[in-house]
Amino acid sequence: MGTGGDGEKAAPALPLEALLALGLDQRTAENALVNSKVTANLAAVIAEAGIKECDKSVGNLLYAVATKYPTNALVHRPVLIKYVLSTKIKNPAQLDAALSFLTNTGPDSLDVEKFEEACGVGVVVSIEEIKSTVTDVLEENMEAIKEQRYHINVGTLCGQARKRHPWGDAKTIKEEIDKRLAEILGPKTEADNIKPVKKKKEKPAKVEEKKVAVATSAQPSEEELNPYTIFPQPEENFKVHTEIFFSNGNIWRAHNSKEILEKHLKATGGKVMTRFPPEPNGYLHIGHAKAMFIDFGLAKERNGHCYLRFDDTNPEAEKKEYIDHIQEIVHWMGWEPYKVTYTSDYFQALYEHAVELIRRGLAYVDHQTGDEIKEYREKKMNSPWRDRPIEESLKLFEDMRRGLIAEGAATLRMKQDMQNDNKNMSDLIAYRIKFTPHPHAGDKWCIYPSYDYAHCMVDSLENITHSLCTLEFDIRRPSYYWLLVALGLYQPYVWEYSRLNISNTVMSKRKLNRLVTEKWVDGWDDPRLLTLAGLRRRGVSSTAINSFIRGIGITRSDNSLIRVDRLEYHIREELNKTAPRTMVVLRPLKVVITNLEEGKVLDLDGKMWPDASDTDASSHYKVPFSRTVYIEKTDFRLKDSKDYYGLAPGKSVMLRYAFPIKCTDVIYGDNPDDIVEIRAEYDPLKTSKLKGVLHWVAEPTPGVEPLKVEVRLFEKLFMSENPAELEDWLGDLNPHSKEVIKDAYAVPSLASAVLGDKFQFERLGYFAVDTDSMPEKLVFNRTVTLRDSFGKAGPK
């Protein structure tokens, strides 16, 4: 097959008798036949050995060859089998050494001398040498032997002996140790036959338990400290990437040849090269943040490079708005692309490779309609045009390129395997006709490559070392490598990770686009969406998002739904450290302080940070305290209770940074349930010790309203945890996901807030200045709520 792919015919099924003739025990043989891959490998090994039966020792080694042999060195398997049959390799230790050597050699030429040296060919360990070594090992362990007698760990003693004679026969070593132990210890006593009882660990006192737990908290694993350790280095990319199974029994084993890998490493200087390849047909969401963290993060950690590549193969769906947004949001997320490229930059090279694919008999021009292609795939039938002459397909493809064939009248398809169980090998479309100008390439082309054709090709052309994508592309891996093997191109290392699925939202671009275009939300940057633009507008930082991504890890476990609370935890953790405190009252209730003289205003100090020093003026803001203050309506009740810490008739509470106040009277409106004003007295000496502490805002000067601001409160966009699985997912939208409070009151210092500023509104949550803000009217979005640390009385 093409360079870098070992083609091989799969062997026929084996009867049980064939495996038993190798000396395998019944259970091993039966288990082998259950696994089709093991069966195929065993059949191939037996065929290469050219035998029908053999000794049990040889058969067990051949079984190990079939199950353990490195797929990147299949060219050398017949050589290893000859060494086994000739008993030059005659024990598991030698075979393990041989397999390790061949794994590192791969498909390159075999250095026989080094190979034989590595696996002990020709090395003879005599009985005398084994006896002498066993004597030494027993003498070194004599104290433990006499103490433990027959409870001594014989495996440890055998290991010490075999370390000195790795090619010595393991069975002979064990027998010699057993014999010598019997000579030293004599017959077994009754105590020797009693199984030793494991000592139970004493449980420490509970107080000590807590201390130990703090002192010996589990250290983070290497992968937690550096999630990129799971990825191989570029120079290791010679192993088999994947096995491509064909319906006729053929197997392609895709890997880079030594020459192709050396050429690649020379081009890249051995650096890690990754790519972040979004399609510019919408705004990026938090799932793309995970992709960026992996793609850009791996390149950064290995001192490599990451391309920002726009996968612009569909001219009808792409907009410059999306391209501009993606470039801007990538920078906002903290990543710097090595280069910004477009798949359309490679249209000429992709076209030339398509012509070469036709010339090799591996692509053809097809005239089936979309429905016909679908029907033929379902029935595993070849297209009537699949076997047309190569010259005919070359001419028709040229006519497609020149615009001489109508849109939809022809496609170029890869000649893969229509009978394959994997539908992604069913002659995928490589090119289709579209008489649509391209946003980046202009009107030069009227044929455009498909994702399945272009993606792997551009990865190869850009010398990408690690092609990282989500798990739904796992079934496309055979077609990815099929094309690169067919054309003899460099093959990147492909690795799939799980999609990021978060509760109470949707992540598919199709659904997000519908929410935006049908006006269910207020644009791509609606703070209720988990688009990156929406999260930013809500007040979430890129560092909090990346912290969340790092926290969930680069996992392959699919179908896991991450609760949105977990994201909110990381947001809250950051804002708790970075957002200064201030006071805003959402639904004001007027309180008149009757014992504070008219016209008097006290300038008090509010703390921006909980642990701020009283002497640090920069950590405080001025809070005017006057005769008229406002508290939250929810912080007043007519009837008091033990678990209520708000204000009630005859009850006292503390105003944050100010004084205790006591309710002395309640003023009603026309409606008896309508409370319009509270009368209260304040305690200037602060003699009361009170549990209830309320936030508040006062008139800055007598008769002047406090600063009015608009506050937007957001809840989960969907009521169900996983709305995407619902047929009527739009019917699950939360009708209370957004609440706008037009006339909230704020302390005067908030008047200077600008876009990008974030605050903790005490007892309410964390808030950020919105893009709709005007100098005359500030707008704040609630980023996330506070922890429920103020009891049930705290406003929601």
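**Note on salt bridges**

1. Arginine 164 is partly exposed, at 39% relative accessibility; here buried means under 20% relative accessible area, exposed over 50%, and partly exposed in between (1.4 Å probe, protein chains only). Its partner in a salt bridge is glutamate 140, at 2.7 Å from N to O; the term denotes a side-chain nitrogen of Lys or Arg within 4 Å of a carboxyl oxygen of Asp or Glu. The pair joins distant parts of the chain, 24 residues apart: arginine 164 lies in helix α10 (residues 154–164) and glutamate 140 in helix α8 (residues 127–140). Glutamate 140 counts as exposed, at 51%. Helices (H or I, at least four residues) and strands (E, at least two) are DSSP runs, numbered from the N terminus.

2. The model is predicted: local features need pLDDT of at least 70, side-chain atom pairs count only at pLDDT 80 or more, and totals for chains, interfaces and linings use all residues. Residues are numbered from 1 along each chain as its sequence is written, and side-chain values use heavy atoms, with hydrogens and water left out.

3. Arginine 77 and glutamate 48 form a salt bridge, with their closest N and O atoms 2.9 Å apart. This pair links helix α5 (residues 77–85), which holds arginine 77, to helix α3 (residues 36–49), which holds glutamate 48. Arginine 77 is buried at 2% relative accessibility, whereas glutamate 48 is partly exposed at 32%.

4. A search of the whole structure finds 51 salt bridges. One network of them links Asp525, Arg537, Glu710, Arg712, Lys742, Asp770 and Asp772.
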